[in-house]
Amino acid sequence: MSKLKLALQKSGRLSEKSLKLLEECGIKISNGTRKLKAVSSNFPLEILFLRDDDIPQYVEQGVADIGILGLNEVLEQQKQIETIQKLGFAQCRLSLAIPKEEGYSGIQYFENKKIATSYPEILSNYFQEKNINAQIEKIGGSVEIAPGIGLSDAIFDIISTGSTLLTNGLKEVEIVVESEAVLVSNNDLSDDKQEILKKLLFRINAVKAASESKYILLNAPNENVEKIINILPGMKSPTILPLAESGWSSIHSVIKEDQFWEVIEKLKNEGAQGILVLEIEKMIL
Ligand SMILES: Nc1ncnc2c1ncn2[C@@H]1O[C@H](COP(=O)(O)OP(=O)(O)OP(=O)(O)O)[C@@H](O)[C@H]1O
Ligand SMILES: O=P(O)(O)OC[C@H]1O[C@H](OP(=O)(O)OP(=O)(O)O)[C@H](O)[C@@H]1O
Ligand SMILES: [Mg+2]
């Protein structure tokens, strides 16, 4: 039976979380992660550990069938591969940043300026779109240091917390790309490999949905149940069970992580008590 070949970053920002995702999908990797190749003992998957920059090329050529890497790298390399799923980790953005003491009134600032970046393709496309003529200086890393040493006027690089910018006396002025880890695939997978990919995606989606949601239980006086149900979005509709104490009900539902605090606030205002919030391990929609 054929195996699906998955390329992961060998070591770096994506490695640990990529392996954790596989683990949460119930996929065991038998011979450790130190080697450059590993196989799963309970899923038809073979794993190749590579530099993340090499993944698009290997997936395009079919050396690997699928891969996990940052959307930023996928967009920069423009290979003939398909981006099939956002994975919800390694969130960052590709932004333009300038020395913090400089005034900034808009994208025209960059006209005739020199910008250091490891993402020249994305940046030159962006400037072309905005009709800006600028000089792009490609460098491999430590981009934030470039203005400070007189190599460039500005930078275009990855920002997450902004602390690297701060340390180097820079400020973010334009967000160009919002990025996160994605799953990419070769364009011509065989039918049996597509079947395996479908099974893998089913598991990934269950893990992802669960991590984006919480299970909520609360008690409420019966006369407020109607109002509370309207606040809870839920998967279908909430479960309502009578409490031993008459006139009270227990309500169970699922809420989205990003609506969480707002929903809790409203529930309390409608008389909800004993609110419990639980992690969900897997969620099959
Ligand atoms: N500060 C950050 N916060 C969140 N995600 C980040 C951050 N920095 C980078 N990333 C994401 O993680 C990916 C890998 O980053 P990393 O720094 O490990 O890459 P690398 O140095 O190119 O590694 P490699 O040695 O494999 O080529 C980036 O392409 C980006 O998508
Ligand atoms: O906004 P921040 O949270 O400070 O993150 C941004 C920094 O993170 C990445 O570098 P990383 O720390 O991975 O080191 P690297 O330059 O060796 O890749 C990126 O290249 C930025 O320099
Ligand atoms: Mg790299």
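Student: What covers the buried residues of H1?

Tutor: The cover includes strand S1 (4–9), strand S4 (66–70) and helix H6 (191–211). Keep in mind that this is a predicted model.

Student: Which residues of helix H1 are buried?

Tutor: A residue counts as buried if 20 or more other C-beta atoms lie within 10 Å of its own. In H1 (residues 15–24), these are Ser18, Leu21 and Leu22. Seen down the axis of H1, they fall within an arc of 100 degrees, so they line one face of the helix.

Student: Which exposed residues does the face turned away carry?

Tutor: Lys20 and Glu23 sit there, away from the buried side of H1. After H1 comes glycine 26, with a positive phi near 75 degrees.

Student: Now strand S15. Why does it lie largely in the open?

Tutor: Count its buried residues. S15 (residues 273–279) has 7 residues and the number buried is 0, so it lies largely in the open.

Student: In which sense do S12 and S15 pair?

Tutor: Antiparallel, over 5 bridges, with S12 spanning residues 213–221. Isoleucine 216 stands opposite valine 277 in S15.

Student: Which residues are around ligand 2?

Tutor: Among them are Arg13, Glu144, Asp157 and Thr161. The shell divides into 2 nonpolar, 6 polar and 3 charged residues. Strand S9 (154–159) and helix H5 (163–167) each supply at least two. S9 gives the most, with 3 residues.

Student: What does UniProt list for residues 51–205?

Tutor: The unreviewed entry gives "domain: ATP phosphoribosyltransferase catalytic". Over that stretch the chain is 28% helix and 30% strand. Its end C-alpha atoms are 26 Å apart.

Notes
Residues numbered from 1 in each chain as written. Chains lettered and ligands numbered in written order. Predicted model: local features only at pLDDT ≥ 70, side-chain atom pairs only at ≥ 80, totals over all residues. UniProt positions renumbered as here; feature names shortened; annotations may be inferred. Helix = DSSP H or I, 4+ residues; strand = E, 2+ residues; numbered from the N terminus. Near = placed C-beta within 6 Å. Nonpolar A, V, L, I, M, F, W, Y, C, P; charged D, E, K, R; others polar. Buried ≥ 20, exposed ≤ 12 C-beta atoms within 10 Å, placed from the backbone. Pairing = 2+ DSSP bridges. Arc of directions from axis to C-beta. Contact = placed C-beta atoms within 7 Å.
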